[in-house]
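The stops below are meant to be selected one after another.

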Amino acid sequence: EISEMSERSKQNVAHGLAWSYYVGYLKIVLPRLKKSMEEFSRANPNLLACRNTWKLHILVPLSCDVYDDLEKADSNIQYVTDLSETTLARAGTKQRVYKHSLYAITDEENQLWHCAVEYATPLQSLYAMSLDECAAFSREERLEQAKLFYRTLEEILKCSKECADAYRLIAYEEPGEAETHFLSREILWHLRQEHHEEIAVQEGNHPDTPSTTLDSAKLNLQISVSDLPQPLRSDGF
């Protein structure tokens with residue numbers, strides 16, 4: 001009966017996508033990301049001067065509208081290169097390749113900010129499901145699923161020691177009217193925040209809590225405590 005109720009409310013969809021994304025991807029790549037960024041920084045010392053930006057910046061558009069080409073999403077975002085690959089045997093596939101792309105973000109003064117950035121790919125599944133009659137997702141349900149995906153992923157990553165300080169979630173609601181450089185401005189806000197946090201730590205001050213970024217407290221989710229993901233265990237079970 002509980003399973004049927006969960007199926008009807010579709011609460012299990014976002015939870016499953018978030019856990020799959022973490023276990024099948026983020027838990028694999030994030031612990032290796034710092035090394036890749038350090039290798040790139042040694043060869044290109046001027047591009048990644050702020051170590052606090054040595055993270056995977058994960059875009060979470062609540063509309064689930066994901067671009068395969070970030071340069072088409074915003075012309076102020078330009079591909080630079082790929083970081084070093086991680087190659088693993090995975091689920092029967094020999095030498096499966098994992099890699100991240102480095103982008104240059106142009107600000108209002110034409111200065112370049114470099115970072116590794118990509119969309120949370122499970123959002124493509126949510127978007128596709130909303131277009132499939134078999135899934136029967138309405139636009140409103142898709143939005144709630146996207147919020148629940150973000151909230152669940154945020155809670156999972158907070159409990160993950162392997163992924164600590166190797167990611168930054170960038171959740172956002174796109175404006176009603178099209179804005180040419182909305183996405184680049186959203187990414188730049190986070191890069192600047194990371195830069196200020198690094199300076200604050202170096203000076204011995206406590207960085208300010210982000211005030212304009214979209215976090216789980218602002219998503220207006222109607223989720224009970226029992227719906228939230230449980231903390232990860234480190235005892236092997």
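The model is predicted, so local features need pLDDT of at least 70 and side-chain atom pairs count only at pLDDT 80 or more, while totals for chains, interfaces and linings use all residues. Residues are numbered from 1 along each chain as its sequence is written, and side-chain values use heavy atoms, leaving out hydrogens and water.

Select T53 in the loop between α2 (11-43) and β1 (56-61). Helices (H or I, at least four residues) and strands (E, at least two) are DSSP runs, numbered from the N terminus. T53 counts as buried because its relative accessibility is 6%; buried means under 20% relative accessible area, exposed over 50%, and partly exposed in between (1.4 Å probe, protein chains only). Show the contacts of T53 (heavy atoms within 4.5 Å): beyond four places in sequence, they are M37, H114, L191 and E194. A polar atom of the T53 side chain lies 2.7 Å from the backbone oxygen of C50.

Next, select β7, residues 167-172. Of its 6 residues, 6 are buried, so the strand is largely enclosed by the rest of the structure. Y167, L169 and A171 point one way, and R168, I170 and Y172 the other. I58 is opposite L169.

Finish at C163, in the loop between α5 (139-158) and β7. C163 is buried, at 0% relative accessible area. Which residues does C163 contact, leaving aside neighbours within four places in sequence? They are Y22, L26, K27, L30 and L157.

Conventions: Polar contact = N/O pair within 3.5 Å; in protein donor to acceptor, adjacent residues only side chain to side chain. Pairing = 2+ DSSP bridges.
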